[in-house]
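Let's take a walk through a protein chain together.

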Amino acid sequence: MPGDTLIITSSGDSLQLPDSLFHHQLAAFPAQNRLDNGVLFFLVMAVLVCIVGIPFLINRLREKYKQKQAYKTAQANFAQYDQWLAAYNGYYKSLPAAMRQRFLERVAWFIATKTFNCVNLPADDKMPLLISAASVQISFGLDKYLLDFFDTIYIMQHNYNYGFYDRPFEGHVNSNGIYLSWDNFLKGYEDYTDADNVGIHEMAHALAYVNFMAGANNAQDDAFIKRFYDFSAVARPIFSDMQQGKINLLNGYAATNYNEFWAVGVETFFEKSLRMKIAMPELYAAMCNLLNQDPLLPEKLLTIPEVLY
Ligand SMILES: [Zn+2]
């Protein structure tokens, strides 16, 4: 009779039960249904984690192993490194023995985390060493010193052209890496008193890049970023004066923009330390506080960073 017969259609399996019946059904078979669904979900997630996670973990472990080997290789060369750095790097040369050891440990790790890509020039063992040392001297007082946003450092022989710029480059930094010309790099350290050092200049850009331009990344140093605001409170007015034409100890190129002011300021801080302390005492003190070091002190460091190597 109409009304008494439950009509089963061909799509009976998907027939929607009225809400009340649905709840009865859940009440009758709840545990088994939920357990099955829960186990299935867990299995799917476990498979996904295995597919994505295990290769990631293997790669990560392989990378760590390679870095450890590279670090050991660098460590085995400390005597040679000490000799080369004392000959080429005025900052290193002035360090007492205990600080030299600390410096070399950091350089060894820095080298281990980077690929040094020589573009149309033969590789030289001095390249990774001296280039890494330029970065380590700036970050010697910081906890985060690896700039590990950057995997690759590109080395060219001479000045080079880049993008649409007319003038040739001695070095630059962008999201793909740190770029340096070897001739200019060596020239920069040959005279360690003229505040013209492309190695220090580009590594200063790289340090600013990982902290302020690259977005969230491993190399960001919250303590450094916080202190940078104190530095800028002193530095910004000096930069503004330079943009108005005021001349001071810094190379006029510092007036180009605040990023260049920073890089030129770091070059001057290391290569004309005493002159900067006398001529621009507030900026010198702000830089000491920011980098946690004073190049005029034999031991350099103001406080010992928590991260030793
Ligand atoms: Zn620059």
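**Strands, core and a zinc ion**

Start with strand β1 (residues 115–118), which pairs with β2 in the parallel sense over four bridges. Two strands count as a pair if DSSP finds at least two bridges between them. Helices (H or I, at least four residues) and strands (E, at least two) are DSSP runs, numbered from the N terminus. In this pair, Cys-118 stands opposite Ile-155 of β2.

Before we go on, a word on what you're looking at: this is a predicted model, where local features need pLDDT of at least 70 and side-chain atom pairs count only at pLDDT 80 or more, while totals for chains, interfaces and linings use all residues. Residues are numbered from 1 along each chain as its sequence is written, and side-chain values use heavy atoms, with hydrogens and water left out.

Back to β2 (residues 152–156): four of its five residues are buried. Buried means under 20% relative accessible area, exposed means over 50%, and partly exposed lies in between (1.4 Å probe, protein chains only). β2 also runs parallel to strand β4 (residues 177–181), joined to it by four bridges. There, Ile-153 has Ile-178 in β4 as its bridge partner. And how do you get from β1 to β2? β1, helix α6 (residues 126–138) and β2 make a left-handed β-α-β unit. A crossover is called right-handed if, with the strands pointing away from the viewer, the path from the first strand over the helix to the second runs clockwise.

Stay on helix α6 and find Gln-137 there. Is Gln-137 buried or exposed? It's buried, with a relative accessible area of 0%. Leaving aside neighbours within four places in sequence, Gln-137 is in contact (heavy atoms within 4.5 Å) with several residues, including Asn-89, Phe-103, Ile-200 and Gln-293. Gln-137 and Ile-200 are 63 residues apart along the chain, yet their C-alpha atoms are separated by 8.5 Å.

Now for the core. In soluble globular proteins, nonpolar side chains tend to be buried together. A nonpolar core is a set of buried Ala, Val, Leu, Ile, Met, Phe, Trp, Tyr and Cys residues joined through side-chain atoms within 4.5 Å. The largest one here has 80 residues, and those with the most contacts inside it are Phe-103, Ile-131, Phe-231, Phe-261, Trp-262 and Leu-291. Helix α8 gives the largest share of this core, nine residues.

Click on Phe-231: leaving aside neighbours within four places in sequence, its contacts include Trp-262, Leu-283, Met-287 and Leu-290. Leu-283, Met-287 and Leu-290 are among the buried residues of helix α12 (residues 281–291). The buried residues of α12 pack against α6, α8, α9 (222–243), α10 and α11 (273–279). After α12 comes Asn-292, with a positive phi near 55°.

Finally, look for the zinc ion, coordinated by His-201 (NE2), His-205 (NE2), Glu-260 (OE) and Glu-260 (OE), at 2.0 to 2.6 Å. Donors are N, O and S atoms within 2.8 Å of the metal (3.2 Å for Na, K and Ca), and water is not among the atoms, so sites may look incomplete. Along the chain, the donors follow the spacing H-x3-H-x54-E. The site links distant parts of the chain: His-201 sits in α8 (residues 198–213) and Glu-260 in α10 (residues 258–271), 59 residues apart. Both His-201 and Glu-260 are buried.
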